[in-house]
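Here's a walk through one protein model, sheet by sheet and then out to the whole chain. Have a look at the fold before reading on.

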Amino acid sequence: MSSKQKFIGRSVPRLEDRTLLTGQGRFAADVNFPGQWAMRVVRSPIAHGRLRGIDASAALTMDGVHAVWTFADVAHIPPIPFRLTGLKALEPYQQRVMASDFVRYVGEPVAVVFADNAYIAEDAAETIELDIEPLEPVMKATDAPGPFDATKNTEPDVLHKGYGDVDAAFKAADSIVTLELSVGRHSGVPLETRGAIGYYNEALGRLEMHGAAKVPHWNRDTMGRMLGRTRDDFQLFEGHVGGGFGIRGEIYPEDLIVCAAALHFRKPIKWIEDRREHLITANHSRQQTHRIRAAIDAQGRILAIDDEFFHDNGAYMRTHAATVPDLAAAMLPGPYRVPAYRATAHIRLTNKTPCGTYRAPGRYESTFVRERLLDAIAANVGVDKVEIRKRNLLPKNAMPYALGLETLGTHIVYDSGDYGLLLDKALERAGWPKLQKEIAKRRANGEKVGAGVAMFVEKSGLGPFDDVRVEVKNDGNIELVTGAASVGQGVETAMAQICAETLGVDYTTVNVIHGQTDRIGRGLGAFASRVTVMTGEATKRASTKLRAHILNLAAELMQAEPTQLDIVDGEIVRTGGAPGPSMKLIDLAKAKPGELIAEDTFESTHMVYPYGVHVAAVRVDAETGGVAIEKYVMAYDVGKAVNPMLVEGQIAGGLAQGIGGALFEEFLYDEGGEPLSVTFADYLMPTAHEVPESSILITEDAPSPLNSLGLKGAGEGGTNPVGAVIASAIDDALQRPGAILSLPVTPQRLRAICKKT
């Protein structure tokens, strides 16, 4: 057998980078059409009020202004529907593309201006006068629900999840540990703000939207229904994307308005968001308050957990509906044995920006809560934080482990894992015993230093399907078309690696086409760390099918049996030293034009579950409230790393976002609902100065049995436990267990904690 190049498992360079690094990327703002108009959105300056009138007369007299639309012009567009976890009770709270009678958050669209260019549109928008009668805003999800309208209040639904006899466990407990914990409101802030260009292609009779991302096929189908278009006459096109993280790719009001306007005016309509708009109108996330208690035995083993929490969803239920509170409730038990469990999630609306998902949605929050609880249990029974985790971890022989809960339409069954082994490896990488001695020595000299550890289980590979089509083109290169999407995570490279190794070609010859709804009939895009698992397995299947097809075709021409042939570096060769000529793949493609093509699908009804451990050491400055992260170790088992460098990049980037939520980032409002975080001077993001050098340990000890490569996703493991582990380390530095009860731990809050006796 001839030797073939192995690409799966190698840190080969990214195929995407040359285009991006040489400035050839094509982002939404780079898309232009002749004769296009610019759109500017007029937004509510009031958090809650009755919209009594809109005067656009001055704007309409300005040169270059073509039209001003209000709700009456878009009343035919139905509310934006849900994509995930769409509970019936939430539907009356869906958002319309523009406000009609009431405004419910600062930034809600109330009108749009169409003009020759963005400058005229913005100037015109500022002349539009709004008559809004202010109403009392609802600003705290923990307060009793207030009125949403005449018939509904601001609690659309309450989720209940659980198993086992929780009440009996609490009666039998040796001790009960109770905490109230909260996570602040923050979200993804990509370098590229949102943008959408609606274009009516007269030649094809086709409406197009450029600037799509993340889930273009679902958005095409859904927006098409909302706009009265069929699959054939409405298409979405994804370009390069400057950061995703959950916030991008949902259906926002602006996406629908540019398409409706392009269809109505038969003009290209371009809308590019500015930074202030992004901070006050794109999906926020995270904000939850948990009241949790654990029943434990004398050794600190968990008998039951009972958690009631309040999810602040902002003014409307957007595309993700109940996804975040549902995941928080479902994933809270984590890697531990919890014999009985009960979660009650109050979905509450407030007069703030509506919410969606953000990297590790529901898990960043629930991991913080659960790991704080583990630290509190350790303090209660007088053992250290590592020992309490070991006492409660699920053992390897418990796998596969059915948690007894559902989320995202699937039963949670941990497919594989050795949590104890990974904890040991992480502690070894961190030099835990030596670290403890160093901390003790420095603490004796008056320094406030400490270390924390946090564990978590992630989920990835959400189905139910992915399709891939692979073709050898007449120039010998491979074209791989998928319904997946790219938000910068390296989709092109990872899929090319799997295809290349399976087929027997170099990965640089594989051109991955994604996010183009006119190139493949269906697709589910990129979210929930699903692409490598779902699209990767579909790629392997399609490539395997194509390989077999190629060998059958070549066998006829080479007068050999298919089993006597192989493909090595793009050349069809005879195996085992059998005599006879070889054939280049390009020659076969030319001999059989259009025939070297295969398609396949991977379907899965169960997610896969990577897992990880983070260890952090910090130094606290009690005078300034500053936190310096001195050591950070991340261990993550992904089953199989297609490209370890890409996995490390995902984890390192995720750490930065986790630190933001732990120490810096928070969307704040005043009592009247006015946003206070409207620039980067107000909304503090970690820079290279605040993100420490980290050590990343990728392991493959527990491949998933649910796909042939053993793949598990890696997109969210760098973010998930960061708030939890930093809180644990700060507690340790202060020598005050339970000191940190909320995120972010800003300098002001930490100074206040330090001043408490």
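Let's begin with an open sheet of four strands, ordered β18-β26-β27-β28, with mixed pairing. Its edges are β18 (449-457) and β28 (695-699), each of which pairs on one side only. From one strand to the next, the twist averages 15°. Helix α13 (residues 432-444) packs on this sheet, where it touches β18, β26 and β27, and its direction makes about 145° with that of β18.

Before going further, a word on what you're looking at: this is a predicted model, in which local features need pLDDT of at least 70 and side-chain atom pairs count only at pLDDT 80 or more, while totals for chains, interfaces and linings use all residues. Residues are numbered from 1 along each chain as its sequence is written, and side-chain values use heavy atoms, with hydrogens and water left out.

Helices (H or I, at least four residues) and strands (E, at least two) are DSSP runs numbered from the N terminus, and two strands pair if DSSP finds at least two bridges between them. Contact means heavy atoms within 4.5 Å. Axes are lines fitted to C-alpha atoms, for helices over the stretch in contact, with angles running from 0 to 180 degrees between N-to-C directions.

Back in the sheet, strands β26 (residues 611-621) and β27 (residues 626-637) run antiparallel and are joined by eleven bridges. One to click on: Val615 has Val633 in β27 as its bridge partner.

There's another open sheet of four strands, in the order β21-β20-β19-β25, and its pairing is mixed as well. Here β21 (510-513) and β25 (597-603) are the edge strands, each pairing on one side only. The twist averages 20° from one strand to the next. β20 (residues 478-482) pairs with β21 in the parallel sense over four bridges, and Val481 has Ile513 in β21 as its bridge partner.

Now for a loop residue. Asn283 sits between α8 (275-281) and β13 (288-296). Why does Asn283 count as buried? Because its relative accessibility is 2%, and buried means under 20% relative accessible area, with exposed over 50% and partly exposed in between (1.4 Å probe, protein chains only). Leaving aside neighbours within four places in sequence, Asn283 is in contact with several residues, among them Ser187, Tyr252, Arg318 and Cys355. With Arg318 there is also a side-chain polar contact of 2.8 Å; such a contact is a pair of N or O atoms within 3.5 Å, where within protein one must be able to donate a hydrogen and the other to accept it, and residues adjacent in sequence count only if both atoms are side-chain atoms.

Further along is helix α18 (residues 722-734), mostly covered, with 13 of its 13 residues buried. Gln735 follows α18 and has a positive phi, near 55°.

Zooming out, the protein has 19 helices and 29 strands. Of its 757 residues, 62% count as buried. Among contacts between residues at least 6 apart in sequence, 81% join residues at least 24 apart. The C-alpha atoms fill a box of roughly 85 × 75 × 50 Å along the principal axes.
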